[in-house]
Amino acid sequence: MARATIRHRNVGGDRRRAGPPWARARRALHMLALSAAALAGGHSVFAQTAEAKAPQWAIVPGSERLEIQGRARDFEIRARFAVFQAEIAFQPGQPESASVSVVIDTTSWASSLPATDEQVLGPDWLSVAHSPTARWVLTELRATGGEAAYSADGVLTLQDRSAPVPLALTLEIDADGATLHAVGTGRLDRREFGLGANTAPDEGTAGYAVAIRFEFTAQRVAP
């Protein structure tokens, strides 16, 4: 009973301090209005977050091409990786929200000099028995001012070695907003990945610079 009496007095004291009923009603309406505004603001934040999330794109099988060009002694070598996959998130007008991860099947190498392919796939070059894939991951995408033109910073990892490999590319989306066409170029230095360190230690044997060109078509993935 003592506890019940104390609780009753506290409530009564609170009511006296709260003032007359009309004042309590006005404060309650004010708090209700503040709560509604905060809730509306929260929904706005959630909506902005949802809008900022870049849509996903899936490469159309058979549309992808990844070509390599270099020199070996007096010969120009052209090659391609026939197989690669990519996870792509991209929203036009919001390059900062983009994310891209490309996995290249290095065993799918084929060149214009087939006699050299076995050596390129071997331990001193691509070493596909040890590392059958390479991965390029986007770190930053920037619009460069041209129509659908972008600059992409990214890191290539090959045989446990990683180095920056920037790309210049165009990303064009059809009028229906559901099809993306990508074309890009880049360049890497084979020494950064230890390619040919033993069999081609100097540029006279094989050029250090390797040119890259790629293209693909992708379809927007339904949310």
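**Group meeting talk: a walk through the predicted model**

By buried I mean under 20% relative accessible area, while exposed is over 50% and partly exposed lies in between, using a 1.4 Å probe and protein chains only.

A word on what we are looking at. This is a predicted model, in which local features need pLDDT of at least 70 and side-chain atom pairs count only at pLDDT 80 or more, while totals for chains, interfaces and linings use all residues. Residues are numbered from 1 along each chain as its sequence is written, and side-chain values use heavy atoms, with hydrogens and water left out.

Now the overall picture. The protein has three helices and twelve strands; these are DSSP runs numbered from the N terminus, with helices being H or I of at least four residues and strands being E of at least two. Of its 223 residues, 34% count as buried. The protein exposes about 14000 Å², and carbon and sulfur atoms supply 58% of that; the areas come from the Shrake-Rupley method with a 1.4 Å probe, and for residues only the protein chains shown count as cover. If you take contacts between residues at least 6 apart in sequence, 56% of them join residues at least 24 apart, where contact means heavy atoms within 4.5 Å.

Back to F90, then. Which residues does F90 touch, not counting those up to four places away in sequence? They are A54, P55, W57, A98, L141, Y150, L171, I173 and L180.

F90 also belongs to the largest nonpolar core, which has 43 residues. A nonpolar core here is a set of buried Ala, Val, Leu, Ile, Met, Phe, Trp, Tyr and Cys residues joined through side-chain atoms within 4.5 Å. The members that touch the most other members are F90, W136, L141, V165, L169, L171 and F193. Strand 12, residues 209-220, gives this core its largest share, with five residues.

Next, the aromatic rings. There are three aromatic pairs, counting rings of Phe, Tyr and Trp (its six-membered ring) whose centres lie within 6.5 Å; planes under 30 degrees apart are stacked, over 60 edge-to-face, and the rest tilted. F90 and Y150 make one of them, an edge-to-face pair at 5.6 Å centre to centre with 90° between the planes. F90 lies in the loop between strand 4 (84-89) and strand 5 (99-105), and Y150 in strand 8, so the pair ties together parts that are 60 residues apart in sequence. Y150 is also buried, at 10% relative accessibility.

On to the charges. Side chains of opposite charge can pair when their charged atoms come close. How many salt bridges does the count come to? Six, where a salt bridge is a side-chain nitrogen of Lys or Arg within 4 Å of a carboxyl oxygen of Asp or Glu.

Let me take you through some of them. R65 pairs with E67, with the closest N and O atoms 2.8 Å apart. R65 is partly exposed at 34%, and E67 is partly exposed at 25%. E215 and R213 also meet in a salt bridge, at 2.8 Å from N to O; E215 has a relative accessibility of 27%, and R213 has a relative accessible area of 31%. There is a network as well, linking E140, R142 and D153.

The D189 and R191 bridge comes in at 2.7 Å, N to O. D189 is partly exposed at 21%, and R191 is partly exposed at 48%. R191 has an aromatic neighbour too: R191 lies over the face of Y208, at 3.8 Å from the ring centre. The rule for that is NZ of Lys or CZ of Arg within 6 Å of the ring centre and within 35 degrees of the ring normal.

Finally, a couple of loops. Between strand 7 (133-143) and strand 8 (149-158) we find E147, which is exposed at 73% relative accessible area. A148 sits in the loop between strand 7 and strand 8, and A148 has a positive phi near 60° without being a glycine.

D160 also has a positive phi, about 65°, although D160 is not a glycine. D160 is in the loop between strand 8 and strand 9 (161-164), and D160 is exposed at 67% relative accessibility.

That's my tour; over to you for discussion.
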